[in-house]
Amino acid sequence: MKKLFILLMILAAVCFVGVWIYQTQRLKKNAQAAISKGQVVMNWGLIILFVIGLVGTFTAPSTKTSEPAEHHPANEHVTKVSKAQSSSESAAAASASSSQAASSSSASSSSSSQLQVDFPTDVSLNKTGDATVSFKAPANTQFEIKDSNNNVVTTLNGNAQGTDQTYNFKKPGKYHVTAHNGDQTIDRDLTVRGIGQ
């Protein structure tokens with residue numbers, strides 16, 4: 001979007017300079033030449049387009065972020081938690097002189113009780129400037145959404161029926177989503193891209 005405003009500003013400036021040179025040469029050749037209303041409207045229109053391009057250049061959100069792009073799989077944190085739980089349960093089973101079968105069954109029950117959430121991790125704003133994201137999770141799951149500055153954007157409280165929860169994003173950027181259900185927590189990143197990106 002920023003590039004569009006820069007292009008508008010440059011085109012308006014070039015057209016204005018060209019029209020100004022043409023009009024001054026015309027007046028030098030014929031000092032009696034009248035300035036028409038069309039010329040005045042065109043001059044002011046080009047000045048207004050230049051100002052719009054200038055203001056838009058500084059107010060439009062930048063498409064590039066200053067942070068390096070990090071591409072993590074959406075379930076990376078879940079995998080680390082699952083492996084840590086499995087290894088700690090295996091160590092506890094070995095120190096208690098439990099059998100190998102008991103250790104593997106406790107690890108499998110741990111991974112089956114892991115909190116499962118589902119939502120898209122990369123969305124774009126539509127033409128109206130909205131990006132509606134649906135969060136799917138078990139009943140009573142609470143979502144906390146933070147922006148890139150670690151400010152809480154919203155908190156979605158789960159209900160007993162476990163229906164999908166939705167949030168309507170209005171600004172592009174990187175967001176951090178934390179899902180809580182009892183003592184289980186999952187962290188994921190969500191990227192909201194600008195219109196047409």
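Leaving aside neighbours within four places in sequence, which residues is F143 in contact with? The legends below take up this question along with other views of the model, which is predicted.

**Figure 1. Overall view of the predicted model.** The protein has 197 residues, of which 24% count as buried. Four helices and seven strands are present. Starting at the N terminus, the order of elements is α-α-α-α-β-β-β-β-β-β-β. The accessible surface comes to about 13000 Å², and carbon and sulfur atoms hold 58% of that surface. Among contacts with a separation of 6 or more, 58% join residues 24 or more positions apart.

**Figure 2. Surroundings of F143.** Apart from neighbours within four places in sequence, F143 is in contact with V117, F119, F135, A137, T154, T155, L156, Q165, V177, T178 and A179. Of these partners of F143, T154, T155 and L156 lie in the stretch of β4 (152-156). V177, T178 and A179, also partners of F143, fall within β6 (173-181).

**Figure 3. The largest nonpolar core.** This core holds 19 residues. The members that touch the most others are V117, F119, F135, F143, F169 and V192. At least two residues of the core come from each of β2 (131-135), β3 (142-146), β6 (173-181) and β7 (184-193). In soluble globular proteins, nonpolar side chains tend to be buried together.

**Figure 4. The open sheet of five strands.** The strand order is β1-β7-β6-β3-β4, with mixed pairing. β1 (122-124) and β4 (152-156) stand at the edges and have a single partner strand each, so one side of each lacks a neighbour in the sheet. From one strand to the next, the twist averages 25°.

**Figure 5. Pairing of β3 with β6.** These two strands, β3 and β6, pair in the antiparallel sense over five bridges. I145 stands opposite V177 in β6. V177 is also one of the residues in contact with F143. Strands of a sheet pair through backbone hydrogen bonds, either parallel or antiparallel.

**Figure 6. Q39 in helix α2.** Helix α2 covers residues 37-59 and includes Q39. Q39 has a relative accessible area of 12%, and therefore counts as buried, the limit being under 20%. The side chain of Q39 reaches the backbone nitrogen of S36 at 3.2 Å. Leaving aside neighbours within four places in sequence, Q39 is in contact with Q23, R26 and A34.

Technical notes. Residues are numbered from 1 along each chain as its sequence is written. This is a predicted model: local features need pLDDT of at least 70, side-chain atom pairs count only at pLDDT 80 or more; totals for chains, interfaces and linings use all residues. Side-chain values use heavy atoms; hydrogens and water are left out. Buried means under 20% relative accessible area, exposed over 50%, partly exposed in between (1.4 Å probe, protein chains only). Contact means heavy atoms within 4.5 Å. Accessible areas come from the Shrake-Rupley method with a 1.4 Å probe; for residues, only the protein chains shown count as cover. A nonpolar core is a set of buried Ala, Val, Leu, Ile, Met, Phe, Trp, Tyr and Cys residues joined through side-chain atoms within 4.5 Å. Two strands pair if DSSP finds at least two bridges between them. Axes are lines fitted to C-alpha atoms, for helices over the stretch in contact, and angles run from 0 to 180 degrees between N-to-C directions. A polar contact is a pair of N or O atoms within 3.5 Å; within protein, one must be able to donate a hydrogen and the other to accept it, and residues adjacent in sequence count only if both atoms are side-chain atoms.
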